[in-house]
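Visitor: Please take me through this model feature by feature. I would like the rule behind each reading, then the case at hand.

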Amino acid sequence: MSFDPRPVTLEEYNQSLRDSVNAYYTHAINDPGMSREDAIKSTGEMAENYLEAVEEFENQSNVQMDTETDVQSNEAPSVDSEEGIDGGEGCDDGLDME
């Protein structure tokens, strides 16, 4: 038995989490020990977590792509003796050399 990991796309990740939220809702709404309001509330919380997870995944994917682009172009951060080290495009702060 071999393990062949492969990258997951944003669409696959999104669909997997969406399916989990939908399955949870179906389970919760049919649970006789859970009120309809509790099922909706807990599913809403799960849906919020799902949206945050997808956003985080997307942000991490963008950071990884930016890093790979920088490595491929062999661009080093610029150094200014008065300003410090520029963190590069998209960075608000550099390393302060005071």
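**Reading the model**

Guide: The second largest pocket has a lining of five nonpolar, five polar and two charged residues. Ala, Val, Leu, Ile, Met, Phe, Trp, Tyr, Cys and Pro count here as nonpolar, Asp, Glu, Lys and Arg as charged, and the others, Gly among them, as polar. The model is predicted, with pLDDT of at least 70 needed for local features and 80 or more for side-chain atom pairs, while totals for chains, interfaces and linings use all residues. Numbering starts from 1 along each chain as its sequence is written, and side-chain values use heavy atoms, leaving out hydrogens and water.

Visitor: What is a pocket, and which residues lie nearest the centre of the second largest pocket?

Guide: Rolling a probe the size of a water molecule over the atoms shows where empty space is left. On a 1 Å grid over the protein atoms alone, a pocket is an open set of points where a 1.4 Å probe fits, with protein on both sides within 12 Å along at least five of seven lines; lining residues have an atom within 4 Å of a point. Twelve residues line the second largest pocket, with Val8, Phe57, Gln60, Ser61 and Gln64 nearest its centre. Helix α2 (residues 36-73) gives the largest share of that lining, eight residues.

Visitor: How many helices and strands are there?

Guide: Helices (H or I, at least four residues) and strands (E, at least two) are DSSP runs, numbered from the N terminus. The protein chain has two helices and two strands, in the order α-α-β-β along the sequence.

Visitor: How many aromatic pairs does the structure hold?

Guide: Rings of Phe, Tyr and Trp (its six-membered ring) pair if their centres lie within 6.5 Å; planes under 30 degrees apart count as stacked, over 60 as edge-to-face and the rest as tilted. The structure holds one such pair. The ring centres of Tyr13 and Phe57 are 4.5 Å apart and their planes are at 15°, so the pair is stacked. Because Tyr13 is in helix α1 (residues 10-30) and Phe57 in helix α2, the pair ties together parts 44 residues apart in sequence.

Visitor: Is Ser42 buried or exposed?

Guide: Buried means under 20% relative accessible area, exposed over 50%, partly exposed in between (1.4 Å probe, protein chains only). Ser42 has 18% relative accessibility and therefore counts as buried. Ser42 belongs to helix α2, and its side chain makes a polar contact with the side chain of Tyr24 at 3.0 Å. A polar contact is a pair of N or O atoms within 3.5 Å; within protein, one must be able to donate a hydrogen and the other to accept it, and residues adjacent in sequence count only if both atoms are side-chain atoms.
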